[in-house]
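Trainee: Could you take me through the aromatic pairs of this model, with a close look at how the rings are arranged and how far they are shielded from solvent?

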Amino acid sequence: MAHELSLSPVQRIVATGNRNLDTSAIWCARTELAACLRMASRLGLEEGICNHFSAVVPGHPDLFLVNRLGWAFSEATASSLLICTMEGQVIAGDGVPEATAFFIHACLHKHCPRIGAAFHTHMPNATALGMTAGPPFVWAGQTALKFYGRIAVDEAYNGLALDTREGDRIAAALGTCDILFMKNHGVMVCAPTIAEAWDDLYYLERAAEVQVKAMSTGRPLVAVSPQIASETARQMREGDAQSAQLHLESICRILDRSEPEYRV
């Protein structure tokens, strides 16, 4: 399969079409994506070496960055990330993407140009809610309201995503939403930018965590009315991109103090 094959140096030159893949904008995207991977590891949001983050390469909507197979999130660096074509060719970087990473992310970016970044995890609390019957959220917590009206649920767990047919099906299940709860599997968080994907990933798990804790009491949860939920979601979306950028900058400062090698 194409995603399993790394190209020779000559093939890579042909595949890139003499495109400049070393711009400052691309390096910035590499750095931001590596920071998100590192912080996700710190917070316990990854699962071994099996989860994956991607981002469209700035200036090249037909290419995407993704973490490499076999490396934990905590090992990610800006230079370790791969640049892939939508057909699965690795045209920059050493190694190959994990198989499901290619089929899920390539299909999402190909079918949904609005998606600038896509983060897939099996983070524990959100995944737990995806294992229960019914909608994942009951809209009882303020943090959860950030996602009101933005969530789709893929009810049809279909095994590993090892072909484009399954990748296409997942992209279709997402539809026009930003968050996909993949029943019996995990979650997919999609956003226009890396910063917004990180912000949503973080708060999605926090919202899931507090709901799981509330459910564990055995007492009924008190849901917010649809009218208030909708208005609160609108309020949260105002200035969300700016807030997300500040959030990303904060995690970069934290990492700069303790593990600055993520920028290498």
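Mentor: A residue is called buried when its relative accessible area is under 20%, exposed when that area is over 50%, and partly exposed in between. In this predicted model, Trp198 has a relative accessible area of 0% and is therefore buried, whereas Tyr202, at 23% relative accessibility, counts as partly exposed. Trp198 and Tyr202 form an aromatic pair with 6.4 Å from centre to centre and 35° between the planes, an arrangement classed as tilted. Both residues belong to helix 6 (residues 194–216), and because they lie four residues apart in that helix, about one helical turn separates them.

A pair of aromatic rings is described by the distance of the centres and the angle of the planes. With rings counted as paired if their centres lie within 6.5 Å, the total comes to eight aromatic pairs. One of these joins Phe53 and Phe119, whose ring centres are 3.9 Å apart and whose planes meet at 5°, so this pair is stacked, the cut-off for stacking being planes under 30 degrees apart. Phe53 sits in strand 1 and Phe119 in strand 5 (residues 117–121), so that the pair links distant parts of the chain, 66 residues apart. Both Phe53 and Phe119 are buried.

Beyond these two pairs, Phe137, Trp139, Tyr148 and Phe181 come together as one aromatic cluster.

Terms used. Residues are numbered from 1 along each chain as its sequence is written. This is a predicted model: local features need pLDDT of at least 70, side-chain atom pairs count only at pLDDT 80 or more; totals for chains, interfaces and linings use all residues. Side-chain values use heavy atoms; hydrogens and water are left out. Rings of Phe, Tyr and Trp (its six-membered ring) pair if their centres lie within 6.5 Å; planes under 30 degrees apart count as stacked, over 60 as edge-to-face and the rest as tilted. Helices (H or I, at least four residues) and strands (E, at least two) are DSSP runs, numbered from the N terminus. Buried means under 20% relative accessible area, exposed over 50%, partly exposed in between (1.4 Å probe, protein chains only).
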